[in-house]
Amino acid sequence: EITDEVPGGTGPAVESMGEDIDVLNYHPVNSHGIGVFITHKGIPMNFVMIPPGTPLPTQKKHVFRTNHENASKVRVRISEGDSKNCEQSKELGSCVVGPLPNRLPRGSKIEIQIGFEKDGRVKVLARCLTTKTVVRSVIDAKGLLTEEEVEFGRRDLEGRQIN
């Protein structure tokens, strides 16, 4: 337990020194990176677009390229995790951009935009820049913490119980 009084009730433990104190408002940040699973030079990897500690809400975009000739669709897998290793990250959800036109060349540009809201929702907009095909998806990232972890964090932030 933390108190602002000296034991025995003799007054404040810390006296003002006549200086103004700035109080920062709480701004939520993400605790884990958010990104997409990609294949780079044949190697699967996690590409983090929103690094941990980013103030929320936020929005980031990046342009990727298709890996195959004549791809009829592209599956966008949204990841949570900080490692480039896919096995050390988890998939939050996915969406599919398509159908894409016949004879779409390998290396066609796909723009991925990820928004992360304060309420835990991850919003995805994926767009094939060649065809202007667009897909939108919302992933509810709530439920990734246990009820106990959520309650502990709530008490911690409210300053009621800090052990």
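Me: Which residue is the bridge partner of V36 in β4?

Reply: In this predicted model, β1 and β4 run antiparallel and are joined by 3 bridges. Strand β1 covers residues 34–40, and β4 covers residues 74–80. Within this pairing, the bridge partner of V36 is I78.

Me: What is the order of the strands in the open sheet?

Reply: Strands of a sheet pair through backbone hydrogen bonds, either parallel or antiparallel. Here 4 strands form an open sheet, and the pairing is antiparallel. β2 and β5 stand at the edges with a single partner strand each, so one side of each lacks a neighbour in the sheet. From one strand to the next, the twist averages 35°. The order is β2-β1-β4-β5.

Me: In the hairpin of β1 and β2, which residue takes a positive phi?

Reply: β1 and β2 pair in the antiparallel sense over 7 bridges, and one of the paired positions sets I34 against I50 in β2. The hairpin has 2 residues between the strands. The residue with a positive phi, near 55°, is K41.

Me: How many residues of β4 are buried?

Reply: Buried residues make up 31% of the 163 residues in the chain. β4 is mostly covered. One of the buried residues is E80, since its relative accessibility is 12% and the cut-off for burial is under 20%. Of the 7 residues in β4, the number buried is 5.

Me: Which residue in β5 stands opposite E80?

Reply: β4 and β5 pair in the antiparallel sense over 7 bridges. The residue that stands opposite E80 in β5 is K90.

Me: What is the N to O distance in the salt bridge of K90 and E80?

Reply: K90 lies in strand β5 and E80 in strand β4, so the pair ties together parts that are 10 residues apart in sequence. K90 is partly exposed at a relative accessible area of 40%, whereas E80 counts as buried at 12%. A salt bridge requires the nitrogen to lie within 4 Å of the carboxyl oxygen. The side chains of K90 and E80 meet that rule at an N to O distance of 3.7 Å.

Me: With which residue does R75 form a salt bridge?

Reply: The closest N and O atoms of the pair are 3.2 Å apart. The link joins distant parts of the chain, from strand β4 to strand β5 (residues 90–97), over a separation of 16 residues.

Me: Which residues do salt bridges with shared partners join into one network?

Reply: Side chains of opposite charge can pair when their charged atoms come close. The count for the model comes to 5 salt bridges. Salt bridges that share partners form one network, whose members are R75, R77 and E91.

Me: Which element gives the largest share of the lining of the second largest pocket?

Reply: About 610 Å³ of space lies in the second largest pocket. It is lined by 24 residues, and the closest to its centre are F37, I38, T39, R65 and N67. The elements that give two or more residues to the lining are β1, β2, β3, β4 and β6. The largest share, 5 residues, comes from β1.

Me: How many residues of the lining of the second largest pocket are nonpolar?

Reply: The lining also holds 6 polar and 6 charged residues. The number of nonpolar residues is 12.

Me: What separates the C-alpha atoms of I139 and G93?

Reply: I139 has its place in strand β8 (residues 134–140) and counts as buried at 8% relative accessibility. I139 and G93 are 46 residues apart along the chain. Their C-alpha atoms are separated by 6.4 Å.

Me: In what order do the elements of the chain run from the N terminus on?

Reply: The secondary structure of the chain comes to 1 helix and 8 strands. From the N terminus on, the order is β-β-β-β-β-β-β-β-α.

Key. Residues are numbered from 1 along each chain as its sequence is written. This is a predicted model: local features need pLDDT of at least 70, side-chain atom pairs count only at pLDDT 80 or more; totals for chains, interfaces and linings use all residues. Side-chain values use heavy atoms; hydrogens and water are left out. Buried means under 20% relative accessible area, exposed over 50%, partly exposed in between (1.4 Å probe, protein chains only). On a 1 Å grid over the protein atoms alone, a cavity is a set of points where a 1.4 Å probe fits but cannot get out, and a pocket is an open set with protein on both sides within 12 Å along at least five of seven lines; lining residues have an atom within 4 Å of a point. Grid points are joined across faces, edges and corners, and a volume is the space filled by probe spheres set on the points. Ala, Val, Leu, Ile, Met, Phe, Trp, Tyr, Cys and Pro count as nonpolar, Asp, Glu, Lys and Arg as charged, and the others, Gly among them, as polar. Two strands pair if DSSP finds at least two bridges between them. Axes are lines fitted to C-alpha atoms, for helices over the stretch in contact, and angles run from 0 to 180 degrees between N-to-C directions.
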